[in-house]
Each structure stands twice: as C-alpha cells, then as structure tokens.
Amino acid sequence: MSQHYDALETRSPAEREAALMHALPMQVAHAQKNSPAFAKSLAGVNAASITSREELAKLPVIRKYELLAQQQ
C-alpha cells in the first residue's frame, strides 16, 4: 500500500505553485460566471490576468458580512 494518496501529494513546491497559478484564472472566471455575489465583487476583473500571487493580492477582499448582505 502506498504512503501517498496520489502523485499530486509528492510534487515539489515549485510544481504545486505552477499548477495552482495555472488553475487560478479558471477559478476566478468560474466565480464570476456562477455566483452573482462574486460577479458583482469581481466586476471589471480580467480573470485571465490573475496568474500570480501578486495579481491575486490585487483582487478585492470580500467580507463575510458583505456576502450575507448580498444574500438577503
């Protein structure tokens, strides 16, 4: 029996970071398309440009109370 669930668990930190940054624009686009709250908060954000930690840090912070207010 293997000690690891799959090969993803044994990736190097650089490989893990690259995979996360590759998936990030798709996650942002998904949020914009499928969540009215995130669509509003992320309006004007070009999802394809969010490919680094620096770009991720530029996204607006959405507070829990703001999400709750939008759901009411």
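**Entry 1: overall form**

I began with the radius of gyration. The protein chain has 16 Å, whereas a compact globule of 72 residues would have one near 11 Å. I note that this is a predicted model. Next I took the box along the principal axes. The C-alpha atoms of the protein chain fill roughly 50 × 25 × 20 Å.

I looked up the secondary structure. I found four helices and zero strands in the protein chain. Read from the N terminus on, the elements run α-α-α-α.

**Entry 2: inside and surface**

How much of the protein chain is buried? I got 17% of the 72 residues. The protein chain exposes about 5,900 Å². Carbon and sulfur atoms supply 58% of that area.

I also checked contacts along the sequence. I took those between residues at least 6 apart in the protein chain. Of these, 38% join residues at least 24 apart.

**Entry 3: charges**

I counted 8 positive and 7 negative charges in the protein chain. Their mean positions are 9 Å apart.

Then I searched for salt bridges. The rule asks for a side-chain nitrogen of Lys or Arg within 4 Å of a carboxyl oxygen of Asp or Glu. By this rule I have two salt bridges.

**Entry 4: Glu17 and Arg53**

One of the salt bridges joins the side chains of Glu17 and Arg53. I read 2.8 Å from N to O. What does this pair tie together? Glu17 lies in helix H1, residues 13-34, and Arg53 lies in helix H3, residues 53-57. The pair therefore ties together parts that are 36 residues apart in sequence.

Arg53 counts as exposed, at 53% relative accessibility. The cut-off for exposed is over 50%, so Arg53 passes it.

**Entry 5: Glu55 and Lys58**

I turned to Glu55, which forms a salt bridge with Lys58. Their closest N and O atoms are 3.1 Å apart. I looked up the accessibility of each partner. Glu55 has 24% relative accessibility and counts as partly exposed. Lys58 has a relative accessible area of 61% and is exposed.

**Entry 6: looking back**

I end with the two salt bridges. Glu17 meets Arg53 in one of them, and Glu55 pairs with Lys58.

Methods:
Residues are numbered from 1 along each chain as its sequence is written. This is a predicted model: local features need pLDDT of at least 70, side-chain atom pairs count only at pLDDT 80 or more; totals for chains, interfaces and linings use all residues. Side-chain values use heavy atoms; hydrogens and water are left out. Helices (H or I, at least four residues) and strands (E, at least two) are DSSP runs, numbered from the N terminus. Buried means under 20% relative accessible area, exposed over 50%, partly exposed in between (1.4 Å probe, protein chains only). The radius of gyration is taken over C-alpha atoms; the globule rule is 2.2 Å times the number of residues to the power 0.38. Contact means heavy atoms within 4.5 Å. Accessible areas come from the Shrake-Rupley method with a 1.4 Å probe; for residues, only the protein chains shown count as cover. Lys and Arg count as positive and Asp and Glu as negative; His and the chain ends are not counted. The place of a charge is taken as NZ of Lys, CZ of Arg, CG of Asp or CD of Glu.
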